[in-house]
Amino acid sequence: MKNMDYNLIKEIIDSWDPVELLTIGCPLDEYNLETEKIFQFCKDIHTKQEIGEMIYFTFFESFGENTFKKTLEECLDVGQKILDSTRGNQGRKKKNSKKR
């Protein structure tokens, strides 16, 4: 997806707080590595399924099964939020370009 925005993905991931690190006061950059991986992946993608699986495996790899307790279904929901935000971002970019 060419109109993918890192900050939108970061906002979605941080608000989801998949390992509840931000909830306990960890630094706001806690998920930056995972967010960057997801952002890079999304540049060439894709579907809710592909993004959701990428989210799942990224966090599973980073935190392990004892810490990362989210299901694939939950990750698919986050993937859908990313897709929806991208579509909304495209709409905002089109509106802004029409104003010029």
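Let me begin with tyrosine 31, which is buried at 0% relative accessibility; buried means under 20% relative accessible area, exposed over 50%, and partly exposed in between, with a 1.4 Å probe and protein chains only. Before going further, I note that this is a predicted model, in which local features need pLDDT of at least 70 and side-chain atom pairs count only at pLDDT 80 or more, while totals for chains, interfaces and linings use all residues. Residues are numbered from 1 along each chain as its sequence is written, and side-chain values use heavy atoms, with hydrogens and water left out.

I turn to the aromatic rings. A pair of aromatic rings is described by the distance of the centres and the angle of the planes. Rings of Phe, Tyr and Trp (its six-membered ring) pair if their centres lie within 6.5 Å; planes under 30 degrees apart count as stacked, over 60 as edge-to-face and the rest as tilted. By this rule there are nine aromatic pairs. One of them joins tyrosine 31 and phenylalanine 63 edge-to-face, at 6.2 Å centre to centre and 75° between the planes. Because tyrosine 31 lies in the loop between α1 and α2 and phenylalanine 63 in helix α3 (residues 48–63), this pair ties together parts that are 32 residues apart in sequence.

How are the rings of phenylalanine 59 and phenylalanine 68 arranged? Their centres are 5.8 Å apart and their planes at 25°, so this pair is stacked. Both phenylalanine 59 and phenylalanine 68 are buried. Ring pairs link Trp16, Tyr31, Tyr56, Phe57, Phe59, Phe60, Phe63 and Phe68 into a cluster.

Finally, the chain as a whole. The protein chain has four helices and zero strands, helices being DSSP runs of H or I of at least four residues and strands runs of E of at least two, numbered from the N terminus. Of its 100 residues, 37% are buried.
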